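Visitor: I would like to learn how terms are applied to a protein model. Could you take me through some of them?

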Amino acid sequence: MDFGLSSDQVALQDSVNRFLDEQMNLDAVKAYSAGGDADACWQGLAELGVASLLVPEAQGGVGLSALDAALVAECLGAHAAPGPYIGSAVVAPLALLHAREALRERWLGALMDGTVSAGLAFSELAGARADAGVNASNGKLSGRAMFVLDPLAALQVVATREKHLYLVESAAAGLESRVLTTIDRTRACGELRFSETPAELLSDDPQHTAALLDHARVMLVADTVGAAQHMLDAAVAYAKDRKQFNRVIGSFQSVKHLCAEMAAELEPCRAMLWYAAYALGELPAEASLTACHTKAHVAEVGTFVARTATEVHGGVGFTDLLGLHYWFKRIGFNRQALGAPELVREQAARLQTL
Amino acid sequence: MDLSFGPEYEDFRQQVRSFLEARGDEAPASQRDYRSAKALAWQQTLIAHGYTARTIPKAYGGHGAEPDILKSRIISDEFSRARVSGGFGGQGIAMLVPTLLELGTEAQKSEIIPPTLSGELIWCQGYSEPEAGSDLASLRTSAVLDGDEWVINGNKIWTSTAQIADWMFCLVRTEPDAPKHEGISFLLLRMDTPGIDVRPLLDMTENANFNEVFFTDVRVPAGQIVGKRGQGWQVANAILGHERELLGDPNVALTRLNSLIELMRNETVDGTPVIDMPAYRDRLMRIQGRVMAMRFNDLRLLSARVNQQPAPLARMIVKLQGTELRHELEQLAIDAMGEFGLAYGDNDYLRDNGLWQWNYMYYLGLIIGGGTSQIQKNIISERGLGMPKEPKYSATGGAA
């Protein structure tokens, strides 16, 4: 019995963190958020094997598990790193592994070496806003997908109203892609409009689509755990250093207790994330329920930590100088994306037929 | 990552289940059913099968098995699943026996542990005092050596089971001139010693779950000290952390959550089950998510124990998070019942015998007892996050 990370998993996180420490310092986060190019970062991550993590060794990948993928997502969140991770490294490869051989042959290699990336049009699976939704007919898509992750990527994995999955090339006829600016400038988010757009069927199995949605949600959770831990660490370090009234502010109970509350809420999220990620591959009967509860619970804790850690910093926490807000906004993004807490809790209730 | 316990343990789980099926009806209804012949016999049966006092040496009345964390967990899981009493709890077995095993003399071990395990001796714990709550080390109850006897004066509070206990283990000040943590000793005393007065302390549940105990020139043989003079603080702290973890046990919360789901299916407003009403339903799912988080945290702690890995922060937060969660769970049940949730005592409309209302109040006591939530936050921030300690103040009120 061993519910913890292996030494290989710790080493994986160390190597991704080392790379991101160099590539994604605060200046780099600011530059990317102001519209700079992040391709080099993604290329570097792909060279580390991040884009081929979930592909079996027999197919040229690293052959690791969903938990390993979540651990990488945690590193990305901790660094507020850009990159089309969830679509390119998690959902598209898993979808292609179950798809027709011709499709797999054509795209898997390019995804793994990072030369092609994939966006994710899954938002409507968690509940369509306004009149969003995509229909498929005779291999062509029509309609609109909102809040797409990485909408300008060369490939798009699109879920339809029937919960079938399609692969669309960004150059396809009848596809309009545009970026929507959000609070989180470290992520690319946007909208796809389809008009008789040619698409390749990846899967017509709604169960498979649901499993991939679980994967994507758990990756967002991992990102929040990483980002929230970063904010908590920053708050504790600041409170030990900043002096007011001739004392470090971390010696005041009001400040200490805020930090203790953050740690007390966040620490169980780590075990919850591990379990939810492990369940994706190993405990299929529990996977959806734990993914929903983990998505909702960690979103609530993340929001609490984001707000509280900012508050511990006082005025400087509110400024761009320190840049804490990039993590605040990242956590805010992860909360709404692919199902806000109220929506996934309702799904959790239904999964138990309550 | 490997969540299976392995075949040896699954066999063991089957053994426990078979035992519970065959003999479970011999158990008393409650762990608090002290003294009854049924409870005493059940305790003997459990010790003989190794389901309680499992790792305590046979010479001291235990079962004498090698320590095995997973087997112990399987036993407690299966007994709670079957809702069968796992034997006497209480502070004698949970707190004193492990302390004596670690720090007692041979005579103390062989005389005290066997009748404590069998249920023959019931213990109470004399730690807190009216002026020594969160700041326990400032306790004032004094013991002065007079010949070969300690003479004790002072009073204790929050002493559960004092009204039925045969013995007390307590902290007293024996070295009044030493710094406060170094002037305390750990004594054992008989509750029928002249000069002891036990007064029940009525609490908000309308029960006396606790007592006050007053000592007037109570004379105790000098040998009834555990550890050396002035080392009582270390003796007591050897096992305090364990008590805190038990108070936040998420497996208890899971049992209550399942009852809450039943309750919310049965309670209706204008004919609609409460569980179908979005606001209540969302609160239920929120609580369920939090219970899940604490269960996985608990699984991490179990694994850390088995594999001898540290998980200090994950352990430190259990009392704070677990007791707050349990209280909020009961609060949701009260809200789900609405006005029925106000019923208490003799009322025809009482649900589940008033357990929700009782727990709602009693669990507030758990948030305060065993180190308040505020003390837990001090511990987490200082020991878990390395933040500065509270400044020390002198007795005259100024910062030292």
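Guide: What follows sets values against definitions.

Guide: This is a predicted model, where local features need pLDDT of at least 70, side-chain atom pairs count only at pLDDT 80 or more, and totals for chains, interfaces and linings use all residues. Residues are numbered from 1 along each chain as its sequence is written, chains are lettered from A and ligands numbered from 1 in the order in which they are written, and side-chain values use heavy atoms, with hydrogens and water left out.

Visitor: What makes A:Glu267 and B:Arg300 a salt bridge?

Guide: The term asks for a side-chain nitrogen of Lys or Arg within 4 Å of a carboxyl oxygen of Asp or Glu. Here N to O is 2.9 Å. Between chain A and chain B the count is seven salt bridges.

Visitor: How many residues are in contact between chain A and chain B?

Guide: On chain A, 44 residues are in contact with 46 residues of chain B. Contact means heavy atoms within 4.5 Å.

Visitor: What is the area buried between chain A and chain B?

Guide: About 4,100 Å², with carbon and sulfur atoms giving 64%. Buried area is the accessible area (1.4 Å probe) that two parts lose on being put together, summed over both.

Visitor: Why is the pair A:Trp42 and A:Tyr85 called edge-to-face?

Guide: Rings of Phe, Tyr and Trp (its six-membered ring) pair if their centres lie within 6.5 Å; planes under 30 degrees apart count as stacked, over 60 as edge-to-face and the rest as tilted. The centres of A:Trp42 and A:Tyr85 are 6.5 Å apart and the planes stand at 75 degrees, so the pair is edge-to-face.

Visitor: Why do A:Trp42 and A:Tyr85 count as buried?

Guide: Buried means under 20% relative accessible area, exposed over 50%, partly exposed in between (1.4 Å probe, protein chains only). A:Trp42 has 5%, so this residue is buried. A:Tyr85 has 4%, so this one is buried too.

Visitor: What makes A:Phe245 and A:Phe252 an edge-to-face pair?

Guide: Their centres are 6.2 Å apart, and the planes make 85 degrees.

Visitor: Is A:Phe245 buried or exposed?

Guide: At 72% relative accessibility, A:Phe245 counts as exposed. A:Phe252 has 23%, so that residue counts as partly exposed.
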